[in-house]
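User: I'd like to learn how to read a few features of a structure. Could you walk me through one?

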Amino acid sequence: MLRSYTGRMLDDIWVDDSVFALRPDFAVLIMTAHGLRNGPTDDRSRAWLAAASDLEVQAGKIDAWKEAYRAFGAKPQRTRPSVDALTRRMPLPEINQVVDAYNSISVKHALPIGGEDLDHYAGTARLIRAAGDEASEEALGQPEPGEVIWRDDTGVTCRRWNWRQVVRTRLTEETTNAIFLLERLEPMSLEELKEAGEELANLLSELSPEVRIASRLLSSGK
């Protein structure tokens, strides 16, 4: 039975030193949102997707992620960083209101963003280099030794840094408590990362006026 982990996730989440050794410029803005009201794509979230779809792709930021993938042995042409895959799916797909919100911000800033259901976590999230024996959903396959993965106490939650998330923690229309991981590499500045977080918080507040949002920045200097 999973032990839901909504309480201190923001304080307890961590990034292993081996990940920072791989990319010292890596930073992640962690946002938690409690009291969300999600629902199917509507005209408002559809407009967010349409506006993002009209923007020019920022190739330099995406190339930085391709380089990061190659650094741990992945082939970004075969398993693409999430933002690269997303920008190749224009017009952006309609998923649900909350996913539409963060996908629009992801494309606008060429910024990988993961959104997951906090109530389906077992223990805290952490970003590590895989040993290769971590439990993983069959559809994702087994992580390779040295691969960068997000995981919790149960096993992998996202393979190849931000390539693909598990079904277990995905955001659904029933999600009320969520965590968002906004992952930055240079040339994106930390200032732009924070701006993207504020924009996402504003969209979530439009969807759920009573939502309670908190954030924390993790980088190699902290």
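User: Let's start with charged pairs. What do the side chains of R160 and E144 meet in?

Analyst: Keep in mind that this is a predicted model. The general idea is a distance check: a Lys or Arg side-chain nitrogen has to be within 4 Å of an Asp or Glu carboxyl oxygen. Here R160 and E144 pass that check as a salt bridge, at 3.4 Å from N to O. The pair ties together distant parts of the chain, 16 residues apart. R160 sits in the loop between strand 6 (156-159) and strand 7 (164-165), while E144 belongs to the loop between strand 4 (126-129) and strand 5 (148-151).

User: Is R160 buried or exposed? And how does E144 count?

Analyst: Buried means under 20% relative accessible area. R160 has 9%, so it is buried. E144 has 39% relative accessibility and therefore counts as partly exposed.

User: How many salt bridges does the structure hold?

Analyst: The structure holds 13. One of them joins D43 and R46, whose closest N and O atoms are 2.9 Å apart. Both residues lie in helix 3 (residues 43-53), three residues apart, which is about one turn of the helix. D43 is exposed at 62% relative accessible area, and R46 is partly exposed at 33%. Another salt bridge is formed by R88 and D84, at 3.0 Å from N to O; D84 is buried, with a relative accessible area of 3%.

User: Now sheets. What order do the four strands of the open sheet have?

Analyst: First the general idea: strands in a sheet pair through backbone hydrogen bonds, in either a parallel or an antiparallel way. In this case the open sheet runs 3-8-2-9, with antiparallel pairing. Strand 3 (113-117) and strand 9 (212-219) are the edge strands, each pairing on one side only. From one strand to the next, the twist averages 15 degrees.

User: Over how many bridges do strand 3 and strand 8 pair?

Analyst: Strand 3 pairs with strand 8 (residues 177-184) over five bridges, in the antiparallel sense. To find your place in that pairing, look for G115, which stands opposite F180 in strand 8.

User: Which strands does helix 6 touch?

Analyst: Helix 6 (residues 97-109) packs on the sheet and touches strand 3 and strand 8. Compare directions as well: helix 6 makes an angle of about 165 degrees with strand 3.

Terms used: Residues numbered from 1 in each chain as written. Predicted model: local features only at pLDDT ≥ 70, side-chain atom pairs only at ≥ 80, totals over all residues. Heavy atoms only, no water. Pairing = 2+ DSSP bridges. Helix = DSSP H or I, 4+ residues; strand = E, 2+ residues; numbered from the N terminus. Axes fitted to C-alpha atoms, helices over the stretch in contact; angles between N-to-C directions. Contact = heavy atoms within 4.5 Å. Buried < 20%, exposed > 50% of the residue type's maximum accessible area, 1.4 Å probe, protein only.
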